[in-house]
Amino acid sequence: MAANSSNCYEDADRANAYATLEFANTYYLAFRDLPSILTEHVTGTRALDFGCGTGRSTRFLRKLGFHVTGVDIAEDMLRIARAIDPSGDYRLVPGDDFNQFAVGSFDLVLSAFTFDNIPAAMKARILRDLAKLLAPSGTIINLVSSPQIYTHEWASFTTRDFPENAAARSGDLVRIVTTDHQDRRPVEDILCTDESYRAFYREAGLQAVHLFAPLGSSDEPHAWVSETTVPPWVIYVLK
Ligand SMILES: C[S@@+](CC[C@H](N)C(=O)[O-])C[C@H]1O[C@@H](n2cnc3c(N)ncnc32)[C@H](O)[C@@H]1O
């Protein structure tokens, strides 16, 4: 199915449900290895959390010692981020216009799940604009859903009602339901293969210097479904 450009997070009910998610189940695997990845690949503490949502990833970075600005295009999500974390810095970036930030002013841009929602036609332009915000030694960490997430069952998600996901090609719309919160309406994402991401990175003048595909381990306290054999997430380290 062709992708549209609407953002399913511009919705008060979705935002309220999303705010209840923390780091359990499949989401645990998205964040588990980030501290060591950041220690290895990031110098400095000035961070931009691109697509901060209700602030989960922003607060995560702050706890690791980063000075973070969270940005998003969904006011409903930002309103909750500010309510949870009144001393945090959360800003709306309509049209992904980053002119309010100085060129070269961040050591890290973290994008946690944000590119899952961005149409293919916009990805390279946004990556290029984010790259301009990086200091010369800066790093972009792009944490995204793996293509396999949309065709398997998970501790935090189900896709069984969307068999059409299996035929989706890169750039197509795919659907997934989060079972960890109350809002059982499907999230509409844009499938993006590794090959497509690498083409977007090249177009944006970025290079993927590392790729992580975290798997669950049987000694972890989560009811893993596919997580020990199929990676739900891909974490790109971009320079
Ligand atoms: C799945 S949520 C992730 C939120 C947060 N990073 C976290 O880890 O909890 C994705 C967020 O990306 C935002 N988003 C989608 N497209 C965006 C865009 N073009 N620019 C900025 N934010 C965007 C959505 O509004 C939503 O808040």
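**Ligand site and selected buried residues**

An oxygen atom of the ligand lies 2.9 Å from an N or O atom in the side chain of Arg 56, a polar contact being a pair of N or O atoms within 3.5 Å (within protein, one must be able to donate a hydrogen and the other to accept it, and residues adjacent in sequence count only if both atoms are side-chain atoms). The model is predicted, so that local features need pLDDT of at least 70 and side-chain atom pairs count only at pLDDT 80 or more, whereas totals for chains, interfaces and linings use all residues. Residues are numbered from 1 along each chain as its sequence is written, and side-chain values use heavy atoms, with hydrogens and water left out.

One is 2.6 Å from an N or O atom in the side chain of Asp 96, and a nitrogen atom of the ligand is 3.0 Å from a backbone N or O atom of Ala 112. The protein buries 98% of the 600 Å² that the ligand exposes when taken alone (Shrake-Rupley method, 1.4 Å probe; for residues, only the protein chains shown count as cover).

Around the ligand there are 20 residues, of which Asn 7, Gly 51, Ser 57, Asp 72 and Asp 96 come nearest (a residue is near if one of its heavy atoms lies within 4 Å). This shell comprises 11 nonpolar, 6 polar and 3 charged residues, where Ala, Val, Leu, Ile, Met, Phe, Trp, Tyr, Cys and Pro count as nonpolar, Asp, Glu, Lys and Arg as charged, and the others, Gly among them, as polar.

Arg 56 and Ser 57 are among the buried residues of helix H4, together with Thr 58, Arg 59, Phe 60 and Leu 61. Helices (H or I, at least four residues) and strands (E, at least two) are DSSP runs numbered from the N terminus. Just after H4, Gly 65 adopts a positive phi of about 100°.

Two further buried residues were examined. Leu 29, in helix H2 (residues 25–31), has a relative accessible area of 0%. The C-alpha atoms of Leu 29 and Ser 217 are 9.8 Å apart, although 188 residues separate the pair in sequence. Asp 107 belongs to strand E4 (residues 106–112) and is buried at a relative accessible area of 7%; its side chain reaches the backbone nitrogen of Thr 45 at 3.1 Å.

Methods:
Buried < 20%, exposed > 50% of the residue type's maximum accessible area, 1.4 Å probe, protein only.
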